[in-house]
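Subject: Structure handover

Hello,

Here is the structure I promised to pass on. Please open it alongside this email.

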Amino acid sequence: MQDCIFCRIVSKEIPSKIIRESEQVIVLQDIAPKAPIHFLIIPKKHIRDLSSCDSQDSSVLSDILMMAQALSKEVPGAENFKLLVNNGHSAGQRVFHLHFHFLAGKVFSE
Ligand code: AMP
Ligand code: ZN
């Protein structure tokens, strides 16, 4: 999708700080971090939001969760982490290309 910022980051058309990359997934440093560690785990394939996923997306969704586990093991200070998806505008979604926020490095309140 040409007008999607995350598709343009995936295709390296827009520069970003890439933390990790696998066949189906890319991990970026969030540009406006809300925790000492704030990454975005993003499917390379354009998917609008979690509600748009179907059974064909189960493999990429699984890769996203396993990527979160790998980050937790490999990034110092990320043993405990929060994984967050904003699904839809009212829930706070502003970029309509599915992404999971990976947050760590502080004590989170309820
Ligand atoms: P959401 O509100 O769940 O859609 O989250 C969008 C996230 O993308 C926010 O945390 C933004 O700070 C982040 N973001 C937007 N543009 C970029 C960018 N070019 N590089 C990295 N993170 C970005
Ligand atoms: Zn996209």
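Below are the findings on the ligand site, then those on the aromatic pairs. Please keep in mind that this is a predicted model.

Ligand site

Next, some polar contacts to look at on screen:

- Asp30: a polar atom of its side chain is 2.5 Å from an oxygen atom of ligand 1.
- His101: an N or O atom in its side chain lies 2.8 Å from an oxygen atom of the ligand.
- Val95: here a polar backbone atom is involved, 2.9 Å from an oxygen atom of ligand 1.

How much of the ligand does the protein cover? On its own, ligand 1 has 510 Å² of accessible area, and the protein covers 85% of that.

Aromatic pairs

The whole structure was searched, and two aromatic pairs turned up. One of them joins Phe39 and Phe102. Their rings are stacked, with 6.0 Å from centre to centre and 15 degrees between the planes. The angle counts as stacked because it is under 30 degrees. Where do the two residues sit in the chain? Phe39 belongs to strand β3 (residues 37-43), and Phe102 to strand β5 (residues 100-104). They are 63 residues apart, so this pair links distant parts of the chain.

Best wishes

Technical notes
Residues numbered from 1 in each chain as written. Chains lettered and ligands numbered in written order. Predicted model: local features only at pLDDT ≥ 70, side-chain atom pairs only at ≥ 80, totals over all residues. Heavy atoms only, no water. Polar contact = N/O pair within 3.5 Å; in protein donor to acceptor, adjacent residues only side chain to side chain. Areas by Shrake-Rupley, 256 points an atom, 1.4 Å probe, with all protein chains shown as cover. Phe/Tyr/Trp six-rings, centres within 6.5 Å; stacked < 30°, edge-to-face > 60°. Helix = DSSP H or I, 4+ residues; strand = E, 2+ residues; numbered from the N terminus.
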